[in-house]
Protein chains: 2
Amino acid sequence: LVAPRTLRGFRDLLPEVARFRELLVQKITTSFVSFGFRPIVTPALEYAEILRGKGSPDHDRQMFEFVDHGGRDVGLRFDLTVPLARFVAEHQSDLAFPFRAYQIGPVWRGERPQRGRFREFVQCDADIVGTESSIADAEIVAMMHATLSSLDIRPFVIRLNDRRILAGVLEVIGATEQSGAVLRALDKTERDGTSAVRGELIELGLGPDAADTLLGCTQMSGGPDDRVLEDLEKVVTDNVRGRAGIDALRTVRDLLDQLGVPSTGVGIDPSIVRGLDYYTGVVFETTYHGAPSVGSICSGGRYDDLTLVYSKTRAPGVGGSIGIDRLVSAVLDVEEIGLPRDPRLVVLGATQEEEIPAVLGLATGLRERGLAVDVHPDLRPAKNHRRYADRRGAAVVGTAVGSTIELHDLHTGSSKRVTLDEAVTAVVDLTKGPAG
Amino acid sequence: LVAPRTLRGFRDLLPEVARFRELLVQKITTSFVSFGFRPIVTPALEYAEILRGKGSPDHDRQMFEFVDHGGRDVGLRFDLTVPLARFVAEHQSDLAFPFRAYQIGPVWRGERPQRGRFREFVQCDADIVGTESSIADAEIVAMMHATLSSLDIRPFVIRLNDRRILAGVLEVIGATEQSGAVLRALDKTERDGTSAVRGELIELGLGPDAADTLLGCTQMSGGPDDRVLEDLEKVVTDNVRGRAGIDALRTVRDLLDQLGVPSTGVGIDPSIVRGLDYYTGVVFETTYHGAPSVGSICSGGRYDDLTLVYSKTRAPGVGGSIGIDRLVSAVLDVEEIGLPRDPRLVVLGATQEEEIPAVLGLATGLRERGLAVDVHPDLRPAKNHRRYADRRGAAVVGTAVGSTIELHDLHTGSSKRVTLDEAVTAVVDLTKGPAG
C-alpha cells in the first residue's frame, strides 16, 4: 500500500469548500470584467531565469526549481505579476495598451506552512500595463474595493502607501545604499515588533536617530489621510522622490473619491512596504477585520520597471492580487460554513431493476428543466436514498416504487406519491417551494 | 536582458482565446452540476510514489519529477484520476458514496509537443466513485454527451468499448501474459497503422493467427452496435471475462437510450483501448468530426481497483475527462475566432485634466448599471480613445469634452453629444441597441 497523503503545505479541498471558493472566484471574475478587464493565461512553469531575482531573496529561496527532461532550469511561478511582465514583453505587438488583464491561477512558494498560508495557493490578479497615470492606480484600488465588497466580507480596509515616500526618507537620512534590505526589515514590523526591527535597522548600518525617524514615519497611520500626508511632508521636506510619492497618494485619494469609493474602505498607512522588490510607486495591502491574523487578503502596487528586464520597451504597470485561499481561510474562521441545501439538487433512485428506465427518463426530463439530478446507481429501499440525499444536501429525493414515484421534500419533511406522468411537474413544484 | 519566452510545449493564452476557453469551462461546469456533481480540488504536486506506476510506462517517463526543499521526491500530476483515487482513499470517512465529483485543472506531461498537444493542459474531469453499477457508466457517458452538445461542437461521436472484451480475447488466444504491452500496442493502431501494430504483436510473442484474431476484433466497428456485439460474441464464445464486457456494453447502450442519448452520438468501437493501465471495464474516446486530427477530445472509463493502491477499502469508480485545450485547438482549427464586439463593454476617456471627475463618476454609474467600463487613463483626443475602443472590441466609446460627453456607437458608427446628466441613460440605451 502507498499511504494516501498530501505534501506538507499542500491540501485538498472537499466539495463544500471547493464550491465556496468557486463561487467567490465567479464573483471576483464578474467584478473584474465590469471594470473592463479580460482574462489571460500563463504557464505554471517558466524558465527559472525569468523568475529568479524578480521577487526578493526570500522568493528565490522558496521557489520550486528543477531541471526538466530537456536539461532546462525551470521553476514553478511564485506569483502572477512576473509572468505577466514576461507575457507583455513577449506579446507587446499583439496587445492594445493600456492593457487591462486579469489572471486567476495557482502559484507555489516553499515557505513554512502556517494558518492561512499554503505552499500552493490561488491568486486572482488584475493589472493595467502601459501607463503611468494615477487613474490606473485608482482604478485598481477601486476595483479591488468593489470586488471585496461583492464578496460580503466587510469590514475591510485597503491601506495605501507609496514606495517613493520611504525611499525619500532614506535619502533624507542618508541610507539609500541598503534600501532593499531596509524595506524588507520594515515589512516585518507587524510580525516581529518595532524593537526587533529597530535592532535590525541599526545592524544594517543606520544610526539610532535615522532608525527612529524611519520607524516614526511607518507609525503615522490611523489619523485622517490629510494629516498623515502633512506629517510625512514634514519629514520629507523638499526631497523630490518623497514629494512625488506624497503627491501621488493625494491624487489617488482624490480619484478614489471621484470613483465613489467610501473613505472608510481605504486609508493611507505609511507602514505598508510589501516584500517584493519590483514595486516602484503606490503599494497597498488589505486588512479583513473579521480575521486580521490571516494577513493581507488583497495586495498590490505599481511596478514601472519590471518589463525592462525582458524588453527595451518600457511598459509601466500597476496591479492587485486577491489571495483567495487566505480569504477562504479567513471567512471559514469567522463563519462556520454550514452546508446549505442546494434548492436545485434532486436525488433519484430505484428499488428494483424494472424501475430504472422510468428513473432515467425522469432524470433527463428534470435536467432539461434546469434542475441538477443525481441518479443513485444502486437499487435500495427509499429510506437509503433519502439518507444519501440528506448527506448530499439535496432539496428533493424521489424513489421509484413500481409504477409510481415516492417523493420526499427534505426541507419540509413531507412526502407524497405521484404517477410517472405527474413526476416532472411535481418535482419542479417542490424545488420552487419555500426553500427554492 | 532576459529573453521573454515560454518553455517548449508551454504557451500563453491571449485574451481572446483565454476568454473563449473560460466560456467553455463555464458551460462544462454548468453541465456537470446539472448531473449532480460538485467540485473538488487536489494539489498540482503530489508525492512521486502516489503517481508513479499508476498511468503507464510512458506517463512515468513523461512525469515532471524532482526533489523538493525538504528532500521529498515529488511530481506534477499527469492526470486528475490518480489524484482523485488518492483523495477518495484519504478522505473516505468524510464523503457520501457513491461520490460524484468534478475537478478542473492543469496537468503536466513532458511528451513531444505536437498540434493540439501541450506539456501543460487543462482537464475537466467528472467521476462517480463507490459503485460498480452500469448506471454510473451510463450517467458519465450521457453527461459527457450533454456537455459536448452544450458546447455546440457537433458532429462528434463517443466511441465505447470494454477492456474485458479484449482481455477475454487474449485469454481465448492464450496471450494473457503480455496483456499490458499488447493493449498499449493496439492503442497505437490509429497512429501507426495495422501492419506496424501486427509486427509489434508478433514481436511480443503472439502467433500470426492470434495477432490477426485480435486485430480483427479491433476492426469490427462501423456497423450497428448490435451486430458489432454479435461479431465479438463469436470470437469470445464462452469466455467469462469477454462475455462480461459484452454484457456491460449492451447494458450501457440500453441505459443510454433510456437517458435519451441519441444513438448517432455514441457507438461501440472495439478498437478503443486507452493508454492508461488503471482501466478495468468500460472505456471511451470521442472523435470530433470537425477536427479528427487533434485526437480524442473526451475520454474515460471504469477503474475498479485504482483506490486499492492506497487503501484496503475498495472504491470502484468510473469517470470521463474533457481535454479543453485540445478542444479549443480543434474549434480554432474549424472556425476562425473573430473577436466579437462585447455588447456590454464601454470605453471612457478624457481630453483634459478637468474632465476626469466627470468621467470617473460616469464610469461608476455605468458599472452600477451592470456595464463593463474601461477608463482610458491617459488624456487624449476623442479619435485616439475611439481607436483604442475599436481594438478592444467595445460597443460604445465616450470622451468627455468640456461639460459634455461625445458618444460613439462602434456598431453603427454614429456619434452624438450629450450632457453629463444624460450620459448614463444615453450609454445604457446605446448598449441595448440592435447589437446588444
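This is a predicted model: local features need pLDDT of at least 70, side-chain atom pairs count only at pLDDT 80 or more; totals for chains, interfaces and linings use all residues.
Between chain A and chain B, 45 residue pairs are in polar contact, both partners being at pLDDT 80 or more. Helix α1 (residues 15-34) of chain A gives the most to the side of chain A that touches chain B, contributing nine residues. By class, that side of chain A comprises 52 nonpolar, 17 polar and 28 charged residues.

The size of an interface is often given as the accessible area lost when the parts come together. Chain A and chain B bury about 8600 Å² between them, and 60% of this area lies on carbon and sulfur atoms. In chain A, the residues that lose the most area to chain B are A:Arg5, A:Leu7 and A:Arg38, which together account for 8% of what that side buries. The contact draws 97 residues from chain A and 97 residues from chain B.

Charged pairs also bridge the two chains. Ten salt bridges are counted between chain A and chain B. In one of these, B:Arg100 is joined to A:Asp374, with the closest N and O atoms 2.7 Å apart.

Within chain B, strand β12 (residues 345-350) is mostly covered, six of its six residues being buried. From β12(B), B:Leu345, B:Val347 and B:Gly349 point one way, whereas B:Val346, B:Leu348 and B:Ala350 point the other way; all are buried. The strand pairs in the parallel sense with strand β13 (residues 372-375) of chain B, over four bridges.

Definitions and conventions:
Residues are numbered from 1 along each chain as its sequence is written. Chains are lettered from A and ligands numbered from 1 in the order in which they are written. Side-chain values use heavy atoms; hydrogens and water are left out. Contact means heavy atoms within 4.5 Å. Buried area is the accessible area (1.4 Å probe) that two parts lose on being put together, summed over both. A salt bridge is a side-chain nitrogen of Lys or Arg within 4 Å of a carboxyl oxygen of Asp or Glu. A polar contact is a pair of N or O atoms within 3.5 Å; within protein, one must be able to donate a hydrogen and the other to accept it, and residues adjacent in sequence count only if both atoms are side-chain atoms. Helices (H or I, at least four residues) and strands (E, at least two) are DSSP runs, numbered from the N terminus. Ala, Val, Leu, Ile, Met, Phe, Trp, Tyr, Cys and Pro count as nonpolar, Asp, Glu, Lys and Arg as charged, and the others, Gly among them, as polar. Buried means under 20% relative accessible area, exposed over 50%, partly exposed in between (1.4 Å probe, protein chains only). Two strands pair if DSSP finds at least two bridges between them.
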